Amino acid sequence: MSEPPQSGVNLTRRSALALGLTAVGSVAAGFAIRESRAAPTAILRPPGAIDETRFLAACIRCFQCGEVCPNQAIQFGGLQDGLARAYTPVIRAREQSCILCMKCTTACPTDALTPIADDPDTILNTVRMGTAHVDQDLCYSHNDRICGVCYYACPFPDQALRLETNATPYVDEKFCVGCGNCERACIHLPQAIRITPRERAA
Amino acid sequence: MNIFRYASQAAALLTLLALPLLSRGSALYQAYGKGATHISELATPWDAFLFHMFSAAAGWFSDPVALADKFQGGFWSITLFGVTFTDPLAMVGHAAASGSIHWPLVIGIGAPVILAILAGRFFCGWICPVNTLLELNGRLRSWIERRVALQRPPKFTLPTWARYLVLFGSIGVAATAGYNVFAFVLPYAGMARDWHFVIYGASAGFGLFFLVTLIMVELLIAPRLWCRSLCPTGLLLETLGRRRVFGLQKASQPPCPSGCHACITACPVGVIPRDGHHTESCMLCSACVDRCPTSALSLGAALPKRRQAWRHAVGAVALLVILGTAGSAAAHHIKGQPHYGYLENYPQTPTREQRFTASPYLITVVAFGFDGMKAARSETPNDVMIYISARHERTKKGYRGPLEVKFRDVVGGPVITRRFKFPVEETVYRMRVTLPAPAYDIAINLKGAGIDATTRLDVRGVPISLPLYFLAGVAAILIGIVAFLGIRHRRRRARVDLATAPSES
């Protein structure tokens with residue numbers, strides 16, 4: 001009744017062959033699906049997101065950032081965005097913008113979103129999701145119809161966004177964190193102020 | 001023991017189902033405030049329901065939001081009471097994809113790893129929601145075998161070393177592709193994701209499709225295929241738990257009756273408890289414990305060898321240290337930011353927007369479907385506001401010349417044409433049109449610049465909803481039963497053939 005207890009893998013020739021083929025096949029498959037992340041992207045990631053390539057490697061698609069977000073601003077793409085970007089967090093500022101609570105950065109288990117203290121000065125200095133750009137041909141204020149809504153939505157007024165005569169908005173790229181509240185608030189259609197997501201190396 | 005296990009499985013499944021509900025409820029609670037009186041007017045009925053549910057469940061805590069912030073995720077990576085536990089494979093995949101080791105993640109996987117060292121595949125048998133489903137599926141299969149099908153359905157098996165292929169194959173793909181493919185491979189990760197999508201009202205993911213396929217395959221072809229022969233998590237936990245303390249124990253007395261295979265046939269993962277070894281892949285599911293005629297089997301603790309006890313003591317201390325320290329890495333919530341993002345859509349939020357280049361112009365088409373004001377209550381639910389603007393990419397000037405727009409239903413139908421001599425406001429050409437079909441090809445002719453451009457616009461996107469998920473599951477089970485009935489029917493016909501054949505010859 002005492003067969004010796006087996007330890008380790010019982011590696012037969014067939015299983016060894018299968019393992020070898022899997023190793024080769026997986027490397028080939030990996031290189032094949034690697035292509036889908038090569039294109040440069042303009043995706044607005046949550047605050048604290050590291051560079052796109054490192055981000056895709058680090059993100060484990062656990063959805064915790066989206067679940068902790070009090071504003072439901074963090075959405076998740078699906079397979080239609082390509083396999084590499086599937087289920088990664090996205091902010092669609094026009095639908096719901098970031099209120100800079102920094103909860104997602106602390107919720108992230110892999111630091112794909114690096115933790116940032118929830119403190120205005122820290123946020124102003126470290127968060128760079130993107131930069132707002134005003135389309136002066138569309139903007140109400142730039143066409144003599146005074147508006148200024150974006151200014152009142154900006155969490156860093158007079159730093160990131162300032163108003164001049166007739167409430168014309170101007171963005172200071174040095175301070176704009178790219179939260180998208182201006183884009184969200186803009187009452188013009190198509191919106192006259194838009195976030196250009198931070199340049200992300202692919 | 002089984003009652004504890006069922007309780008644990010039910011609790012795990014409920015946790016998985018409850019966490020996105022809790023998170024979304026908390027978000028709605030923060031948006032609408034305590035005792036919101038207008039929620040039924042502002043939010044959809046589903047959101048209002050979630051809000052009320054959250055208020056009822058957590059509203060009587062002093063800070064429901066801070067409480068809800070301590071719970072997120074699924075069993076792929078979960079935060080419970082502010083402590084984040086992550087699947088060991090998440091770290092393996094992360095290390096393979098990024099080529100670096102992230103130390104906070106090592107802390108996150110600490111508790112699951114120590115649990116595996118102490119109890120092997122405890123996670124599989126007691127926690128994993130996919131195993132719970134597949135176990136129920138296995139019961140359905142055996143019920144059908146006993147009651148419905150006269151002929152045994154096929155019992156295809158893969159060798160258990162197939163798990164090594166899945167594990168190392170995924171590591172290889174993660175390393176070369178540069179992202180963590182375990183998130184796609186593991187069905188419990190996909191299950192949590194798709195449930196999140198259901199609760200948050202987004203479109204469906206791949207996880208449900210994978211899970212339903214798995215259920216069908218196990219029901220019809222290969223019982224317990226995933227847990228036994230494919231799951232890389234099971235393999236990893238089993239490897240870590242080679243010298244586990246807690247697990248299946250076999251008493252040496254009384255000896256097994258000769259020829260008794262009750263435990264072997266009961267085991268879903270192909271362990272042979274009778275021999276007292278080969279028990280690495282045991283999921284601690286105790287199926288064999290109930291079947292053993294001599295009650296020789298039990299789940300319990302036993303040190304494998306005395307001189308190794310100190311290792312487990314070290315492990316237990318490390319577990320306590322990790323549980324105590326991981327929480328401090330989370331959460332420091334300093335308020336003070338103005339909250340200008342509004343939860344419910346402004347009326348002007350576009351339902352759909354298309355931006356495309358017709359060199360040298362960048363053309364933006366916005367469709368506003370009055371969603372923000374509830375299309376269902378509107379007298380003209382098919383009316384859509386269309387805003388078109390074209391911007392010269394080099395000079396950064398908007399186009400202000402004459403413009404012609406044609407809307408063509410993608411499946412045919414009349415063409416709606418609108419012409420403008422100049423923009424309605426600023427550089428925007430605005431029109432209200434009735435578009436009952438779900439998608440249109442929009443042909444834009446910038447007559448002043450001689451540019452023709454066409455784009456396709458989905459006027460109404462239809463997200464996959466909860467009933468569809470439910471129907472998918474029901475359909476899968478129905479297909480399974482029908483397939484078994486088919487087997488029964490063929491078997492009967494074969495009998496009839498058998499009965500008639502001798503008389504003919």
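User: How do you know what area chain A and chain B bury between them?

Analyst: In this predicted model, buried area is the accessible area (1.4 Å probe) that two parts lose on being put together, summed over both, and by that definition chain A and chain B bury about 7,000 Å² between them, 55% of it on carbon and sulfur atoms. A:E67, A:D137 and A:L189 supply 11% of the area that chain A buries against chain B, more than any other three residues. Residues are numbered from 1 along each chain as its sequence is written, while chains are lettered from A and ligands numbered from 1 in the order in which they are written. Because the model is predicted, local features need pLDDT of at least 70 and side-chain atom pairs count only at pLDDT 80 or more, whereas totals for chains, interfaces and linings use all residues; side-chain values use heavy atoms, with hydrogens and water left out.

User: What makes residues of chain A and chain B count as in contact, and how many do?

Analyst: Contact means heavy atoms within 4.5 Å, and 83 residues of chain A are in contact in this way with 86 residues of chain B.

User: Why is the pair A:R145 and B:E426 called a salt bridge?

Analyst: A salt bridge is a side-chain nitrogen of Lys or Arg within 4 Å of a carboxyl oxygen of Asp or Glu; the closest N and O atoms of A:R145 and B:E426 are 2.9 Å apart, and therefore the pair meets the rule. Across the interface of chain A and chain B the rule finds five salt bridges.

User: Which elements of chain A give two or more residues to the side that touches chain B?

Analyst: They are α1 (13-34), α2 (52-58), α3 (64-68), α4 (103-107), α5 (120-126), α6 (149-153) and α7 (181-185) of chain A, where helices (H or I, at least four residues) and strands (E, at least two) are DSSP runs, numbered from the N terminus. The largest share, twelve residues, comes from α1(A).

User: What makes β6 and β7 of chain B a pair of strands?

Analyst: Two strands pair if DSSP finds at least two bridges between them, and β6 (residues 352-358) and β7 (residues 361-368) of chain B pair in the antiparallel sense over seven bridges. These two strands form a hairpin with two residues between them, and within the pairing B:R355 stands opposite B:T364 in β7(B).

User: How do you know that the side chains of B:T364 and B:R355 are joined by a polar contact?

Analyst: A polar contact is a pair of N or O atoms within 3.5 Å; within protein, one must be able to donate a hydrogen and the other to accept it, and residues adjacent in sequence count only if both atoms are side-chain atoms. The contact that joins the side chains of B:T364 and B:R355 is 3.4 Å. Between chain A and chain B the count is 14 residue pairs in polar contact, both residues being at pLDDT 80 or more.

User: Why is B:T364 called buried?

Analyst: Buried means under 20% relative accessible area, exposed over 50%, and partly exposed in between (1.4 Å probe, protein chains only); B:T364 has 5% relative accessibility and therefore counts as buried. Not counting residues up to four places away in sequence, B:T364 touches residues including A:P190 and A:R194.

User: Why does A:I91 count as buried, and where is it placed?

Analyst: A:I91 has 4% relative accessibility, so it counts as buried, and its place is in strand β2 (residues 89-91) of chain A. Leaving aside neighbours within four places in sequence, A:I91 is in contact with residues including A:L44, A:C98 and A:M129. Of the 202 residues of chain A, 57% count as buried.
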